[in-house]
Amino acid sequence: MKQEKQAHKTSIGGQALIEGVMMRGPKTTAMAVRNPEGEIVLEKWDTPANKKAKIFKLPFIRGIFNMVDSLRFGYKCLMRSAEIAGLEEEENEQDEKKNKFIMGILMVFSVVLAVFLSVGLFIYLPSLLFKLLANAVPSLDNRIWRGIFEGCLRIVIFVGYMCIMLLMKDIRRTFMYHGAEHKTIFCYEAGLELSVENVRKMRRFHPRCGTSFMILVLLVGIIVSMFINVDAPLLRTAIKLLTLPVVVGVGYELIKFAGRHDNLLTRIISAPGVWLQHITTIEPDDGQIECAIAALSETLTGNREDDKW
């Protein structure tokens, strides 16, 4: 598929899946996944029209709703890609209904457990550790040092978690598909033909990636933490949870701003996320690039203005 040679920033976003890639365009969303036989299976849907109330489109408010929607839809695509890739065995109708019921219960339990672990690990633990540190070194007991310590520790935990994930073979392959997604979008934005050869030459670090958004949220959280003048770990954790929509909203606006402009300020804003992508993206092979091209091609309308950022 040939594109006119013209620089273009697209609003099309993607997600790495199990043995595949999902791309979400302004009118069409598509996923391309390799099945056990090595064939690319394409599935596509109409992208839901943006019929949200005006309040949900306002700056600093739209971020939290867009994040929830992306997580919900991304999880749905991830589960579907597992089925296509053959990670879930075929079963008869009765067993399928029974297993879906059991899986539903397990999923609710796992989500609740994940939320508790995330809150404990990323919010409560840093607050508790700083309280212990402040008791030992009273001169550190102020809002500025508390915010810096807690925020930096959260970033260390997050980056460490990503590094541990790299040790898993299946996750490494998913990170390769992540690289294929970025490189393919770069190729489209450069106005080049969507071919394996052209995509292979592109960079894999994209400033508008979800990884950049996550690290920005953590950095914004450091600043917000400095204004919370509470040192009791449990109460501080509760207040931080209440301020989470603010943190997400600001992070979302920063990533939008960085996506629209290219200057020293936006490069500074994008830098932490781009650095982290050295972990979350890996150079893909040609087969993975083919999946990303297939998914992106299905989302294009033929008019580049439709997906302009």
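These legends go with a set of close-up views of one predicted model.

In this predicted model, local features need pLDDT of at least 70 and side-chain atom pairs count only at pLDDT 80 or more, while totals for chains, interfaces and linings use all residues. Residues are numbered from 1 along each chain as its sequence is written, and side-chain values use heavy atoms, with hydrogens and water left out.

**View 1. The four-stranded sheet, β1 to β4.**
The strands here are DSSP runs (E, at least two residues), and the helices in later views are runs too (H or I, at least four residues), numbered from the N terminus. Four strands make an open sheet in the order β1-β2-β3-β4, with antiparallel pairing; a pair needs at least two DSSP bridges between the strands. Since β1 and β4 each have a single partner strand, they stand at the edges and one side of each is left without a neighbour in the sheet. From one strand to the next, the twist averages 15°.

**View 2**
Five bridges pair β1 with β2 in the antiparallel sense, and Ala16 has Val21 in β2 as its bridge partner. Two residues sit between the strands of this hairpin, where Glu19 takes a positive phi near 60°. Moving on, β2 and β3 also run antiparallel and are joined by five bridges. Look for Arg24 standing opposite Thr29 in β3.

**View 2. Helices on the sheet.**
Helix α4 (residues 169-189) packs on the sheet and touches β1, β2 and β3; contact means heavy atoms within 4.5 Å. The direction of α4 makes about 155° with that of β1. Helix α9 (residues 286-299) lies across β2, β3 and β4, running at about 160° to β3. Axes are lines fitted to C-alpha atoms, for helices over the stretch in contact, and angles run from 0 to 180 degrees between N-to-C directions.

**View 3. Helix α1 and what covers it.**
Helix α1 covers residues 62-84, and its 23 residues should span 33 Å at 1.5 Å a residue, which agrees with end C-alpha atoms 33 Å apart; the expected span is 1.5 Å times one less than the number of residues. Among the buried residues of α1 are Arg62, Asn66, Phe73 and Cys77 (buried is under 20% relative accessible area, exposed over 50%, partly exposed in between, with a 1.4 Å probe and protein chains only). The cover over the buried residues includes β1, β2, β3, β4 and α7 (233-260). Tyr75, also in α1, counts as partly exposed at 35% relative accessibility. The C-alpha atoms of Tyr75 and Leu17 are 9.3 Å apart, although 58 residues separate them along the chain. Just after α1, Gly86 has a positive phi of about 85°.

The axes of α7 and α8 (residues 264-280) come within 9 Å and cross at roughly 130°. That makes α7 oblique to α8; under 35 degrees counts as roughly parallel, over 145 as roughly antiparallel, 65 to 115 as roughly perpendicular and the rest as oblique. This α7–α8 crossing is left-handed (the near helix is turned anticlockwise from the far one by less than a right angle; clockwise is right-handed). Leu254, Phe257 and Ala258 in α7 meet Leu265, Thr266, Ile269 and Ser270 in α8. For α3 (residues 143-165) and α6 (residues 210-225), the axes come within 7 Å and cross at roughly 160°. That makes α3 roughly antiparallel to α6, and their crossing is right-handed.
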